Amino acid sequence: MQSALQNLHFLVAEAEPVQRRALIEALGQLGASRVTDVPDGPTALRTLQAGFTPKVDVAIIDLALGGMDGLELLRAIAALKSTVRLIVIGAQPAGVLFSVETLAQAYGVELLGTVAKPVTSAKLKTVLDNFQPAAHPRAPSASPSFSFAEVGVGLQQRQFEPFFQPKIELATGQVKGLETFARWRHPEHGVLGPSAFIDALEQNNRVDFLDWTMIELSVERCRQYHDRGIPISISLNLASETLANPNFIRQVSSCMKRHGVLPDYLTFEITESSILKFDVDFIERLVRLRMMGFGLAIDDYGTGRSNLQLLARIPFSELKIDRSFVDGASKKRPLGTVLKSCLGLAHSLDRMSVAVGVETRQDWDFLQGLGCTYAQGYHIANPMEAGAFPGWLEDWQHFF
């Protein structure tokens, strides 16, 4: 840690001389050797502007600066498009500092964290541990874009396929399901994600073309896994327009019968916002699907304008908690409080909870301690092609 900090240039922006000296001493205890200190916001901004040498790597900014307070300075730094990493300090409550983190994220600045006063070397070390050297910028790769007709040809020629991301039961470590992610195996451009094709479908109101392709192929793969002795269930995200089609239940029932898969092995994920735009026919269709044995999951929970009474009445079987409430919840008390509330809602309604975006072992341990049912994310596995899953499963089972 000390050797790494020796090579960094720090800026300390603190109005109070005694506290400014204390910050410099705390950085020195951690091994920092190059520190510039300033007493106000305008001087801090000039120090961060292009042309100042040596370039500042990490800036510690007090919210109560004179001339330009910490919030104004955050906005100004965002306009600079600077690569500086920030630590914001202040004598405010934890909830206010958490809101500052949210603001910094919205501005797009690189924030290592916030620290409540009084600042100590131990507190600084905690946030400085988040420092990672800036990666060398890569030349932006041109992302191909396709017309609706081109996407249609790809669907007709069966170039689209489901990739699967495992869903793990936190209490046991067992693999309990797979979520489908649509991928286009393009003959020229290789494997493409939704950003290459979803806009063309949405603009022409034909996301159902993709949905039905994914339903058919996912159920087909589900049957193949079952035949190999892997009785796994599959969930997939559907546009509300696909589900609202009067023929949906008849068509999906036909698909399940064709492949010999019971409804218990298929869960449909629908976003919270689409449920809030419900009509009576839509709700009836959801109830009917649950009566038939299909699972229903509310996806991206927490990102819409929740109507708790409505959520209590919808017969969903899973509540999928958005990654924005999962990432960092173990370190940030306000975020952890929101996550606990989401899990408590799922538990009180006797529904299973699924945490999306689990990217670290710390996330995993925290969720396990809170009693979350399932987890999925890059800490467990990236979405993988269908043929890779059995081998991945065998490797995973060696650990549990």
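This is a predicted model: local features need pLDDT of at least 70, side-chain atom pairs count only at pLDDT 80 or more; totals for chains, interfaces and linings use all residues.

User: How do the residues of the lining of the largest pocket divide by class?

Analyst: A pocket is an open set of points on a 1 Å grid over the protein atoms alone, where a 1.4 Å probe fits, with protein on both sides within 12 Å along at least five of seven lines; lining residues have an atom within 4 Å of a point. In the largest pocket the lining has 34 residues, and Glu-101, Leu-112, Gly-113, Lys-331 and Lys-332 lie nearest the centre. By class, this lining divides into 12 nonpolar, 12 polar and 10 charged.

User: Which element gives the most to the lining of the second largest pocket?

Analyst: The second largest pocket is lined by 36 residues, with Ile-198, Val-207, Asp-211, Asn-237 and Leu-238 nearest its centre. Elements that each supply at least two lining residues include strand S7 (175-186), helix H8 (198-203) and helix H9 (207-227); helices (H or I, at least four residues) and strands (E, at least two) are DSSP runs, numbered from the N terminus. With six residues, the one that gives the most is H9.

User: Are H4 and H5 roughly parallel or antiparallel to each other?

Analyst: Helix H4 (residues 70-80) packs with helix H5 (residues 94-107) at an angle of about 20 degrees, their axes being 9 Å apart. Axes are lines fitted to C-alpha atoms, for helices over the stretch in contact, and angles run from 0 to 180 degrees between N-to-C directions. Angles under 35 degrees count as roughly parallel and over 145 as roughly antiparallel. H4 and H5 are therefore roughly parallel.

User: Which residues of H13 make the contact with H11?

Analyst: Helix H11 (residues 248-259) and helix H13 (residues 280-292) have axes 11 Å apart, at an angle of about 25 degrees. Contact means heavy atoms within 4.5 Å. Phe-248, Ile-249 and Ser-253 of H11 meet, on the H13 side, Arg-285, Arg-288, Leu-289 and Met-292.

Notes. Residues are numbered from 1 along each chain as its sequence is written. Side-chain values use heavy atoms; hydrogens and water are left out. Angles under 35 degrees count as roughly parallel, over 145 as roughly antiparallel, 65 to 115 as roughly perpendicular and the rest as oblique. Ala, Val, Leu, Ile, Met, Phe, Trp, Tyr, Cys and Pro count as nonpolar, Asp, Glu, Lys and Arg as charged, and the others, Gly among them, as polar.
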